[in-house]
Amino acid sequence: MVSGRRLTVVMYHFVRDLAHSKYPEIKGLSTEEFRGQVEYVRRHFTPIGVADLLSALRTPDGALPPRAILLTFDDGYRDHFDTVLPILAENDLSGCFFAPAKAVTEHEVLDVNKIHFILAAQPDKARILASLFSELDDARGEFDLRTREEYEQQLAHAGRYDPADVILIKRLLQRELPLTLRARITDALFREWVTDDEAAFSEELYMSVADLREMREAGMWIGSHGYDHFWLDSLDETGQEREVERSMEFLRDLGCDLEDWVIGYPYGAYCDSLLEILRAKGCQAGFTVEVRAADLDHDDPLALPRLDTNDLPKRGDAAPDDWALQAAREGGSA
Ligand SMILES: [Zn+2]
């Protein structure tokens with residue numbers, strides 16, 4: 001039985017001409033790989049936009065086209081305006097863009113991105129760890145901190161895409177250390193290894209409000225990605241509500257319809273209290289980073305799974321992979 005309620009969602013971050021950029025070590029897709037993947041997606045799936053998803057969610061029997069796929073882009077990078085938008089427009093596709101409000105409106109660089117560029121600017125990760133732990137040692141009198149060995153034992157384990165030393169840096173700076181300390185250390189490392197002109201770097205890195213308005217006019221969907229790009233599950237309910245409300249204000253300023261809004265969770269992180277807040281505020285769909293295809297008959301619309309771009313081939317002529325074959329089986333062969 002063909003359900004017609006299956007959806008493959010793909011997540012992108014950086015899409016740029018990496019080889020000729022100032023930071024070729026940044027993890028992302030080259031323009032050519034993105035073109036290849038769009039071609040691949042068109043060959044093996046049926047691209048839909050958020051509006052199609054929302055209308056399917058609203059009707060219990062509302063079907064999606066066979067082998068439906070939705071392309072989503074996180075973090076509001078200028079890449080999405082410069083590189084992605086023209087390619088999507090050429091192919092008559094509508095993507096969904098999750099932009100963190102603070103990065104766009106305050107000309108700051110999000111800590112998550114500072115960490116990316118610290119790692120990309122300094123190939124010798126031992127040197128970064130040396131500066132990091134020296135900053136951390138300076139703060140021992142102020143905070144209750146563990147020893148370097150304890151942090152290494154707890155956190156330095158290779159992940160899906162990163163070796164152990166990179167994971168250690170990311171985990172310490174993304175969530176392990178107390179918030180004020182990790183912001184302070186991230187800032188110091190960013191200034192040491194990347195630049196001390198944060199505002200100029202930010203304007204180069206992220207889309208502006210005008211860019212995002214232009215994206216909407218070109219038929220793209222803009223979704224919430226929080227205000228400060230926090231791990232939303234690590235905040236108390238007041239903090240969660242504040243993040244949600246501030247990001248909604250940002251969407252309103254862009255001209256988005258707040259009867260019909262969606263969220264991509266920073267780091268894919270969510271929890272029950274957050275979902276309750278989102279339901280109360282009329283959020284229609286939420287995207288996680290759980291790696292599988294979505295099934296609208298069974299998945300909570302506020303916890304839809306997403307593949308990473310690396311889960312699909314990046315060449316138009318690549319043979320269909322497991323996801324495409326699974327989508328073809330579940331979504332018919334039209
Ligand atoms: Zn993000």
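Let's start with helix H3. H3 has 13 residues and spans 18 Å from first C-alpha to last, close to the 18 Å expected at 1.5 Å a residue. That expected span is 1.5 Å times one less than the number of residues. Helices here are DSSP runs of H or I with at least four residues, strands are E runs of at least two, and both are numbered from the N terminus.

A word on the source. This is a predicted model, with residues numbered from 1 along each chain as its sequence is written. Local features need pLDDT of at least 70, side-chain atom pairs count only at pLDDT 80 or more, totals for chains, interfaces and linings use all residues, and side-chain values use heavy atoms, with hydrogens and water left out.

Back to H3. There is a kink of about 45° at Val84, shortly before the proline Pro86. The bend at a residue is the angle between axes fitted to the seven residues ending there and the seven starting there. Just after H3, Asp92 takes a positive phi of about 60°.

Which residues of H3 are buried? They are Asp79, His80, Phe81, Thr83, Val84, Leu85, Ile87 and Leu88. Buried means under 20% relative accessible area, exposed over 50%, partly exposed in between, with a 1.4 Å probe and protein chains only. The cover over them includes S2, helix H1 (31-44), S5, strand S6 (96-99) and helix H11 (209-217).

Now the cores. A nonpolar core is a set of buried Ala, Val, Leu, Ile, Met, Phe, Trp, Tyr and Cys residues joined through side-chain atoms within 4.5 Å. The largest has 51 residues, and Phe34, Leu88, Trp261, Leu278 and Leu312 have the most contacts inside it. H3 gives the most to this core, with 5 residues. A second, separate core of 39 residues includes Tyr77, Leu132, Leu136 and Ile185.

Take Leu88. Beyond four places in sequence, Leu88 touches Phe34, Leu71, Phe73, Leu93, Gly95, Phe97 and Met220. Contact means heavy atoms within 4.5 Å.

Next, the metal. What are the protein donors of the zinc ion? Asp75 (OD), His225 (NE2) and His229 (NE2), at 2.0 to 2.1 Å from it. Donors are N, O and S atoms within 2.8 Å of the metal (3.2 Å for Na, K and Ca); water is not among the atoms, so sites may look incomplete. Along the chain the donor spacing reads D-x149-H-x3-H. Asp75 sits in the loop between strand S5 (68-74) and helix H3 (78-90), while His229 sits 154 residues away, in the loop between strand S7 (221-224) and helix H12 (237-253). Asp75 and His229 are buried.

On to helix H5, residues 111-121. H5 is mostly covered, with 8 of its 11 residues buried. Its cover includes strand S2 (14-15) and helices H6 (125-138), H8 (164-176), H9 (179-193) and H10 (198-205).

Asp162 lies between helix H7 (148-155) and H8. Asp162 is buried, at a relative accessible area of 10%. Its side chain makes polar contacts with the side chains of Lys27 (2.7 Å) and Lys170 (2.7 Å). A polar contact is a pair of N or O atoms within 3.5 Å; within protein, one must be able to donate a hydrogen and the other to accept it, and residues adjacent in sequence count only if both atoms are side-chain atoms.

Last, Ala318, in the loop between strand S11 (307-308) and helix H14 (322-330). Ala318 is buried, at 19% relative accessible area. Ala318 and Gln37 are 281 residues apart in sequence, yet 9.2 Å apart in space, C-alpha to C-alpha.
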